Amino acid sequence: MKLLHLDSSVLGTASVSRQLSAGIVARCKASHPGITIIARDLAAEPALHLSGAHMAAFQGAVVEDAVLTADLLKGNAYMDELFAADIIVIGAPMYNLSIPTSLKAWIDRIAVAGKTFQYTATGPEGLLKNKRAFIASARGGVYSVGSHAAAIEHQESYLIGLLAFLGITDVTVIRAEGIAFGPDAKEAAVTHALKDIAAIAA
């Protein structure tokens with residue numbers, strides 16, 4: 001069994017999403033002794049954002065730029081790691097109502113027609129089957145269902161929708177929100193999230 005662990009927070013050791021994603025990975029390791037962990041720190045080593053040069057390369061153009069070549073190889077590795085993984089753990093803080101750009105860059109490399117999804121006569125079909133995903137979500141405000149700000153939440157909803165589009169529907173969100181409301185609120189949110197992690201079933 002293999003687990004792909006992605007982190008995207010720029011806050012390093014101060015990151016709540018990193019704390020939660022590490023907790024989820026530890027829980028999975030305890031439930032599945034011998035599991036192989038593949039870790040990617042997308043904030044520390046981000047992929048380039050898609051460009052016209054990328055699109056030309058995808059269409060078969062000769063690539064002579066060393067930086068672009070290295071980035072294309074990184075994208076290929078992203079795809080290989082995703083296909084190999086049985087479990088995906090995504091550390092995803094909310095940045096400006098959505099996800100970090102490094103995580104979006106990763107998504108742009110793995111959401112590829114003909115590889116991770118395909119178009120059919122009845123619409124798109126995800127090609128990633130029998131995978132489980134966890135989203136370690138951290139956000140300063142409160143955006144969960146029923147809150148006054150729920151309508152402008154484009155972080156968890158985007159990731160859940162994207163994963164389903166690719167065929168991954170077994171998704172669990174571990175959330176710590178309202179962490180910018182002061183030390184007590186942050187501690188309470190993290191404590192609640194850690195209890196949710198402890199309750200994850202194998």
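A residue counts as exposed when its relative accessible area is over 50%, as buried when that area is under 20%, and as partly exposed in between. By that rule Tyr119 is exposed, since its relative accessible area is 61%. Please keep in mind that this is a predicted model.

I will stay with Tyr119 for a moment, because its ring pairs with that of Phe117: the centres are 5.4 Å apart and the planes stand at 85°, which makes the pair edge-to-face. Is Phe117 buried or exposed? Phe117 is buried, with a relative accessibility of 7%.

Phe117 has another ring partner, Phe165. Here the centres are 4.7 Å apart and the planes are at 55°, so this pair is tilted. Phe117 belongs to strand β4, residues 117-120, while Phe165 belongs to helix α5, residues 156-165. The pair therefore ties together parts that are 48 residues apart in sequence. Phe165 itself is partly exposed, at 31% relative accessible area. The count of aromatic pairs comes to two, and ring pairs link Phe117, Tyr119 and Phe165 into a cluster.

Next, the helix packing. Two packed helices are described by the angle between their axes and the distance between the axes. For helix α3, residues 66-84, and helix α4, residues 101-110, the angle is about 80° and the axes are 9 Å apart. An angle of 65 to 115 degrees counts as roughly perpendicular, so α3 is roughly perpendicular to α4.

Which residues make the contact? From α3 there are Asp71, Gly75, Tyr78, Met79 and Leu82, and they meet Trp106, Arg109 and Ile110 of α4. Sorted by class, the contact of α3 with α4 has five nonpolar, one polar and two charged residues.

Last, two backbone points, both in loops. Leu97 has a positive phi of about 75°, although it is not a glycine. Where is Leu97? Leu97 sits in the loop between β3, residues 87-93, and α4. Leu97 is partly exposed, with a relative accessible area of 28%.

Asn130 is also not a glycine, and its phi is positive at about 55°. Asn130 is found in the loop between β5, residues 123-126, and β6, residues 132-139. With a relative accessible area of 77%, Asn130 is exposed.

That is what I have for today.

Definitions and conventions: Residues numbered from 1 in each chain as written. Predicted model: local features only at pLDDT ≥ 70, side-chain atom pairs only at ≥ 80, totals over all residues. Heavy atoms only, no water. Axes fitted to C-alpha atoms, helices over the stretch in contact; angles between N-to-C directions. Helix = DSSP H or I, 4+ residues; strand = E, 2+ residues; numbered from the N terminus. Parallel < 35°, antiparallel > 145°, perpendicular 65-115°, else oblique. Contact = heavy atoms within 4.5 Å. Nonpolar A, V, L, I, M, F, W, Y, C, P; charged D, E, K, R; others polar. Phe/Tyr/Trp six-rings, centres within 6.5 Å; stacked < 30°, edge-to-face > 60°. Buried < 20%, exposed > 50% of the residue type's maximum accessible area, 1.4 Å probe, protein only.
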